[in-house]
Amino acid sequence: MKPKITLEYCPKCHWLLRSAWIAQELLTTFEAELGEVGLRPSDIAGSFKVLLNEEVIFDRKREGHFPEIKELKQLVRDLIAPEKSLGHSDRK
């Protein structure tokens with residue numbers, strides 16, 4: 001079974017569009033490696049989490065910021081396809 005990413009976002013903060021854009025970026029980059037990317041509205045105000053198979057891999061409150069797309073792609077890659085090149089996203 002291919003991994004599943006869930007983006008849990010605060011609808012009261014209007015983070016749906018940001019979440020949808022991140023989902024699109026992840027699906028485009030990991031189209032062969034991911035089985036699903038889902039969006040989940042959170043009941044917790046200010047929440048933004050990225051889950052891999054229901055395990056939190058990024059939490060905005062814990063990290064103190066939203067993930068940059070490059071940072072998130074590298075994190076996901078390291079967990080699901082460590083051998084995959086991210087091209088320009090691998091450059092420092």
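View A. Helix α1 (residues 16–29) lies across β1, β2 and β3 (48–52). Contact here means heavy atoms within 4.5 Å. Helix α1 runs at about 170° to β2. Axes are lines fitted to C-alpha atoms, for helices over the stretch in contact, and angles run from 0 to 180 degrees between N-to-C directions. Helices (H or I, at least four residues) and strands (E, at least two) are DSSP runs, numbered from the N terminus. The model is predicted: local features need pLDDT of at least 70, side-chain atom pairs count only at pLDDT 80 or more, and totals for chains, interfaces and linings use all residues. Residues are numbered from 1 along each chain as its sequence is written, and side-chain values use heavy atoms, leaving out hydrogens and water.

**View B. β1, α1 and β2 form a β-α-β unit.** The unit is right-handed: with the strands pointing away from the viewer, the path from the first strand over the helix to the second runs clockwise. Strands β1 (residues 4–9) and β2 run parallel and are joined by 6 bridges. Y9 has P41 of β2 as its bridge partner.

**View C. Four strands make an open sheet.** The order is β2-β1-β3-β4, and the pairing is mixed. Two strands pair if DSSP finds at least two bridges between them. At the edges are β2 (36–41) and β4 (55–59), each pairing on one side only. Neighbouring strands are turned by 25° against each other on average, direction ignored. Strands of a sheet pair through backbone hydrogen bonds, either parallel or antiparallel.

**View D. Helix α3 lies across β1, β3 and β4.** This helix spans residues 69–80 and runs at about 155° to β4. E71 sits in α3. E71 is partly exposed, at 30% relative accessible area. Its contacts include F58, H65 and F66, not counting residues up to four places away in sequence. The C-alpha atoms of E71 and D90 are separated by 9.5 Å, with the two residues 19 apart along the chain.

**View E. E8 is a buried residue of strand β1.** Its relative accessible area is 12%; buried means under 20%, exposed over 50%, and partly exposed in between (1.4 Å probe, protein chains only). The E8 side chain makes a polar contact with the side chain of R40, at 3.2 Å. A polar contact is a pair of N or O atoms within 3.5 Å; within protein, one must be able to donate a hydrogen and the other to accept it, and residues adjacent in sequence count only if both atoms are side-chain atoms. E8 also touches S42, S47, F48, K49 and L51, not counting residues up to four places away in sequence.
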